[in-house]
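Me: Please show me the sequence and the structure, and then let us go through a few questions about particular residues and the surface.

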Amino acid sequence: MSFKIPIAPTSTPKTVRFPDELIEEVEKVIKKTNCTFSAFIVEATRNAIEELKIKKHKSKAKN
């Protein structure tokens, strides 16, 4: 699964604190795209969860 910069979906507000450096890096990546900071973080989180599921599945398959 490759990471894709998403278009912002409908959502519910949630306050999360990020290190300043991470905010700066995300803003550089999404600059001049049709992606909001929030949409990027949501997609990155989905991607991370999917990766964890794949790793967990592979780990169970080895046992």
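Me: Is Val29 buried, partly exposed or exposed, and why?
Reply: This is a predicted model, in which local features need pLDDT of at least 70, side-chain atom pairs count only at pLDDT 80 or more, and totals for chains, interfaces and linings use all residues. Residues are numbered from 1 along each chain as its sequence is written, and side-chain values use heavy atoms, with hydrogens and water left out. Buried means under 20% relative accessible area and exposed over 50%, with partly exposed in between (1.4 Å probe, protein chains only). Because its relative accessibility is 45%, Val29 counts as partly exposed.

Me: Which residues is Val29 in contact with, leaving aside its neighbours within four places in sequence?
Reply: Contact means heavy atoms within 4.5 Å. The C-alpha atoms of Val29 and Ile5 are separated by 9.2 Å, although these two are 24 residues apart along the chain. Once neighbours within four places in sequence are left aside, the residues in contact with Val29 are Ile5 and Phe40.

Me: Is Glu43 buried or exposed, and why?
Reply: Leaving aside neighbours within four places in sequence, Glu43 is in contact with Phe3, Lys4 and Pro6. Since the relative accessibility of Glu43 is 17%, this residue counts as buried.

Me: Is Glu25 buried or exposed, and why?
Reply: Glu25 has its place in helix H1, which covers residues 20-30, where a helix is a DSSP run (H or I, at least four residues), numbered from the N terminus. With a relative accessibility of 54%, Glu25 therefore counts as exposed.

Note on methods. Helix = DSSP H or I, 4+ residues; strand = E, 2+ residues; numbered from the N terminus.
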